[in-house]
Amino acid sequence: MNDRGLIFGGEVIHRGDLREVRSPADGSLVAHYVPATAADVDRAVAEARQQGRTWMRLHPDERARVLRAAAEAIRAHVDDIAEVLTREQGKPVADSVKEILFGASVFDYYAEEGRRVHGSLRPNTDPDTVSMVSYHPVGVVAGIVPWNYPVDLYAWKVAPALAAGCPVVVKPPEEAPLAIGMVSQLLTDAGLPPGTLFDLPGGAETGQRLVSRPEVAMVTATCSTATGKAIMRAAADNMTRVSLELGGQCPLIVLPDADIEVTATAAARRAFSNMGQICIAVNRIIVLDAIADAFVDALRAEVDSYVLGDPLQPGVGYGPCTTAQVVERAQAHVADALARGAKLVTGGKRPEGAQFAAGHYYLPTVLDDVPRDARVMTEETFGPVVAVHRVRSITEAIEVANDTDYGLAAYVYGEDLGQALAVAERIEAGGVGVNVNDVSELQAPFGGWKQSGLGRELGPEGLHAYLEVRHTKVRRPALEVER
């Protein structure tokens, strides 16, 4: 494919300073991209603040028209975008297609949700006055997008911000900036006015510069908890609003009456989808002793059926990890658990064979009898490793599930729905799946408790995050009664 330039408020900028994007599957060169400089960031924020008022002042119906057109364009180009996403990020093509189509749905959803923002009149204690409450775009939004679901999470940020009337400056990940660039261009082609959308790929220095600019009214980021804290520190001096979706350490509780085969299949998919590189991946499976052996056997059988390979090839369900660092962290967590007495059920190494030698491959790994103090039980692996921890009671299962600084998502499986819901109500997490292994839903809020972040994405809440509230109090003139 062609080298990827900066998308600069409707203009595409190419220049000689290029960086490489290499395939995680075999190390081959995918493309080059132009990294944003500090001057690029400063110029983008300034232009967004000055020119972005055109977008702010548009009627919501006009903004909706552009977002719907962009969604249709994304669907029309889904195959081309998916191939690029797979080449740069490593997930199988079918998963790339699914991600991109969901992103298109997000643009459609917020096209309509943006038309539903309305104010209200409030009764006052003084009958001669009336209060009007109205909502307005917060201003220039800075978006920090991660590499694990780049197109999807780009849509989660850009769609509601644009629907609310905000100009947006995005820093895509340097590991996977190419598919985002294609989507950004489609948005521009759909009719965004100049100065509305900027797409500036780069590393940490680019993000730091962006979130530190005083003209930025809000920062929205999906990142690690450590990076989220750095963003909060950088935003503090300017009192910049932040919305942060951060790390997770997600438990799945298997109740004694759970359907073992169904639960094992669901747990494995949520643990190893995208090679575990997902913030709501199952990290810890907490299972009652009475069914633990049968469950581990079913989990092993499910994981051993997975086909690992070149993500561009048909029939491959699982590809490489995106970076070498993911493999290194997985290896470290497995070694730590085994040293503390855990048992290796399956995986635990890089796959053998010449076809895997040049890529960032690691076998999906299941560990059993993992103690609570193991790193895989306390830290986010963000890779293809899941730990099974056995408990004696449901009370203990809940205690172990909540024994973490994180609170993004959790899962509970059991046939007795009343019992499963009772357990779910005691879990300290922003989202709980009961007999379902995904807590994301387009029309419902997504976000974490504790150190998993603050703020919410998706649903109406995801739109209102980008709006400021104004209260206007008016004294009504006295009624003149005709004599």
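## Basis

The model is predicted: local features need pLDDT of at least 70, side-chain atom pairs count only at pLDDT 80 or more, and totals for chains, interfaces and linings use all residues. Residues are numbered from 1 along each chain as its sequence is written, and side-chain values use heavy atoms, without hydrogens and water.

## The sheet

An open sheet of mixed pairing contains seven strands, ordered E14-E15-E16-E13-E12-E18-E19. Strands are DSSP runs of E with at least two residues, helices are runs of H or I with at least four, and both are numbered from the N terminus; two strands pair if DSSP finds at least two bridges between them. The edges are E14 (343-346) and E19 (431-434); each has a single partner strand, so one side of each lacks a neighbour in the sheet. From one strand to the next the twist averages 20 degrees.

E12 (residues 250-254) and E18 (residues 409-413) are parallel and joined by three bridges. Leu 252 has Tyr 411 in E18 as its bridge partner.

## Helices across the sheet

Angles run from 0 to 180 degrees between N-to-C directions of axes fitted to C-alpha atoms, for helices over the stretch in contact; contact means heavy atoms within 4.5 Å. Helix H12 (residues 324-339) lies across E14, E15 (365-368) and E16 (385-391), at about 20 degrees to E15.

## Glu 99

Glu 99 belongs to helix H5 (residues 93-113). Its relative accessible area is 4%, which counts as buried (under 20%; exposed is over 50%, partly exposed in between; 1.4 Å probe, protein chains only). A polar atom of the Glu 99 side chain lies 3.0 Å from the backbone nitrogen of Val 151. Leaving out residues up to four places away in sequence, Glu 99 touches Leu 85, Lys 91, Asn 148, Tyr 149, Pro 150, Val 151 and Asp 152.

Methods:
A polar contact is a pair of N or O atoms within 3.5 Å; within protein, one must be able to donate a hydrogen and the other to accept it, and residues adjacent in sequence count only if both atoms are side-chain atoms.
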